[in-house]
Amino acid sequence: MVSQILRARFAGGARSKPLLSQIRLPRTFATLASLENQYAVGTKLHGYTVKRAKQVPELELLAVHLQHDKTGGEHLHVARDDKNNVFSIAFKTNPPDATGVAHILEHTTLCGSEKYPVRDPFFKMLNRSLSNFMNAMTASDYTFYPFATTNEVDFGNLRDVYLDATLRPLLRQLDFTQEGWRLEHADPKDPMSPLTFKGVVYNEMKGQMSDSSYLYYIRFQESIYPSLNNSGGDPAKITDLTYNQLREFHAKNYHPSNSKVFTYGSFPLEEHLQHIDNTFSNFDRKTRELEVKYPIELNKTKRVVMEGPIDPLADPARQYKTSLTWFMGPTEDVYDGLCLRVVTTLLTDGHASPLYQALIESDLGTEYSPNTGLDTSSPVNIFSVGLQGVKKEDLPVVEQAIRSAIQKTYDEGLDLNRVEAILHQTELSRKHKVANFGMNLLYSLTPGWFNKVDPLDMLEWNSVINRFRDDLKRPRFLESFLEKYLLGDKPSFSFSMVPSESYGETLLLEEQQRLSAKTANLTEEDKQEAYDLGLQLLQKQEEKEDLSCLPTLHVKDIPLGFAIDYLEHSWTSANVPVQWRVTPTNGLTYFRALASLQDLPQHLHPYLPLFAESLTNLGTKTRSMASLEDEIKLKTGGISASVQVNTLPTDMDTWNLGLILTGHSLDKDVSELFRLMAVLLLETNYDNHEKLRTLIRGMTSGAADAIASSGHAYARGVAASATTVSSRLSESLAGMEQVKFMAQLDSYDDASLPLISAKLKEIAAYAISNGALKVAVTCGADAVAANELAVARFVDSLPAATTPRSLEPGTALTLSGFSPNALPQKTFYAMPFQVNYAGVCLRAVPYTHRDGAALQILANLLTHKYLHGEIREKGGAYGGGATYSGGGGVFSYYSYRDPNPLNTLTTVSRAGEWAVQNSWSERDLEEAKLSVFQGIDAPQSVASEGMIYFLHGIDDSMRQVRRSQLLDVGIADIKDAAERYLVGKDSETSVALLGTKQEWISNENKWRIADAGPLSTAAAAAIAEAQLGAEEDSEVPLGFEEVADHSDEESLGN
């Protein structure tokens, strides 16, 4: 997995009680102070020497920085009372060129090692573990291999696999050709079929380059940072990489002397060090200075212009992207880094920021450019600001607007109230108890650590904030950073991307010419070698392997029960039900309100996402959104609105539609939280047409990139929309239909804005009342009494429903546009991608159905035992698999960044029969259960506790029954489920494909060709109805599987 943009900011959470009283680290640990004394500088521990230790009480952790005596490898351990432990081993991997050698090596190391010589132990371990995170990632100048788990045995297993994979990989040539690139016949078994380029990374990066935001960012990086080549790999250069170069790159970079190991959590440091030393001690020290790469010298303003693709979903006149960049000093100064983050956030973030007002509210562009912000991941702080969705004639205007806005900000001074709001948000993020604190810490620390920034300095908190508050008292302290780095004749870097109608054709032609050049001089012996290699790889992929060398957990390691989030319930005087989750929250209160929209007229459904965004973007008639947003940031942790669609857990032929309002704050500020929520709900100015236009453009901008990055979810959504009524409703709210709907709204002139405003007001009349409302509160016991009063006041402030509201779940009969007899269905959307995304869906069963557990295990088995090999390893797609959504009742298949969708659809059509005929073992079944329970038992944040019941109606008894059913699934159940739900269901299957047009996709082959640009007839009818201002319902087709992420589907399966 390539991760070119790793700029995660440290936003941690703290425990509910002081770690001094809670710490449960084994052996000798009792308090942070005693831990720090135990790890005094110079202390020797299992082949390591302590270089430094730092206690950070405000984050309830102790950090210990050590060095391996023999090899010089660094280790950072963060001791914290957190059961979700994290491990990572990382290496400095400056890419020597754009062949993607670092990225392909990341894949290939995980294809077998000396101790674990099986094919692809990484993927095999995915279902032999209870980890809640497991991956490998290539950043711009380093590669790291992290995982997280709550199980100590599992931690040891994965640590050993990762260490052996990275330091002693087999690096077989067949693995290089599978994961990297190869010349292979289109049909590996037919030597007369044409030779083509294949390879997992090759196709992954073709898909990545189809994302215009990624393309802009990576071309910008290549221009300003030529010393760091494209680590992910440019498809045009990947095919230059040789197998020997891959091995040489590993020998040079993957060594303990060039490594940085990170461990986090409650497991004891001594055990980590002992096991790691057992591996590291087999290596001698390599004398090698950490090679830090720097960007270009910017001694004068430089300009670069490159071509990019046309966005088919965006305004044809707004296809330009442009940005300005400045260097702002070295990143090793942690304090300056904090000051710069505050300054650049004030410049760019939110409605009140001067650059947002000068660039986006002025309508110069639709949204910020992908590189906008402060990048601290390199040795130099790099600040960029720019726009996308720009008209050609406005390119020079954008640059002048940026410079003028910064100068004006300097002249008038920065708003110190907004500085306090930033500090308040930072305090809340520190208190917020998140489940992935350790992973966030890893992402935050690693870039700087590899660029010679002391990781313990980066953990400083109170002392840095105290110094900052003192410096704020100095006149124009923050403004001095603007003067030092941005104003006057300070050199800058201008980067623009201009649209080219022939961009896609040029890429295709380049690939064809490159392929011709590769094949033109092949001898008959070369061709035979390519043919033989293809057959060898195919044979290797089909071999049954002995996996007994791999460590594993067992089903007996899965608890029979689960941690129950005990809930209480009450009613307000207005008869609004309140769910209470009373638990330690570190002084925060979390609030959710769900307003039922079951009786909302159907012609208003497509406007719901716009309505939800309007609440936090339009402001009121007396206050601007800039003013409101500043107050929200100063008093709360944020307020947001969203739309939810789901089914009853007992009946998949129902649908529930609602508006969710979410917010949290410090306990002492709860009254302010509710007051601000009431202002947004009751006073939003839907007639603010200028802001409404900006909002519509922002929501529309980048839709093609969103599809490029999550195309499998969109494809599954289109396919699912023909299977269940809730999926059809979701398609209009979150799928391709919504994308097209918003694009159509964006295409209208300003004369249509009053008509759109009228629709939003109609929705408000239904959504904002206490007649169809329920709320949920999560807080500490000492905050309950005050919160009861605050909730009651908030509910009473809302208007009463003027007519009785319907709360009954909807059915197919109450939602026009859905036909249960529409199957089979095949839909194709043409998109400007180099690869494809497929979704195939069938009706299954609701959450409580006894067959749901077998279908969930079956989906996992098909993914790991059949589809992964056929779609990824043989077909070359970046990913593929099967899912069963217990919350939606849909069984689905998907492929991601797929160069061979016909192979995928053929493979999927055979999946059910394959499952029936396959000889499953008890080991297969055990692995599938372990994999499923990774999602079910993954740690959750305190804010999520009780939400499965509140949002989905799934109570603890349902969850326990489902859990027991999953644990009890047998081989006969798997085969029976496959036979009854998957085999012979072609006439009940819905297929969707997004991407490049293929010859076999035609009306003659019963494909519905749905261009992503124009709206469908019925969706267009909704627009026409909006234009005419009609009040009767229109028949709007709806659909999209609301839970698109695989892990979310599985976690709901408990």
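Student: Where is glutamate 60 found?

Tutor: Glutamate 60 sits in the loop between strand S2 (48-56) and strand S3 (61-68), where strands (E, at least two residues) and helices (H or I, at least four) are DSSP runs numbered from the N terminus. This is a predicted model, in which local features need pLDDT of at least 70, side-chain atom pairs count only at pLDDT 80 or more, and totals for chains, interfaces and linings use all residues. Residues are numbered from 1 along each chain as its sequence is written, and side-chain values use heavy atoms, with hydrogens and water left out.

Student: What is the phi of glutamate 60, and is the residue buried or exposed?

Tutor: Most residues other than glycine have a negative phi, and most peptide bonds are trans. Glutamate 60, although not a glycine, has a positive phi of about 55°, and it is buried, with a relative accessible area of 9% (buried means under 20%, exposed over 50%, partly exposed in between, with a 1.4 Å probe and protein chains only).

Student: Which value does phi take in lysine 452?

Tutor: Phi of lysine 452 is near 70°, a positive value in a residue other than glycine; lysine 452 lies in the loop between helix H16 (437-449) and helix H17 (455-458) and is partly exposed, with a relative accessible area of 45%.

Student: Which residues does a cis peptide bond join?

Tutor: Leucine 823 and proline 824 are joined by a cis peptide bond, with omega about -5°, and proline 824 belongs to the loop between helix H31 (784-797) and strand S24 (825-830).
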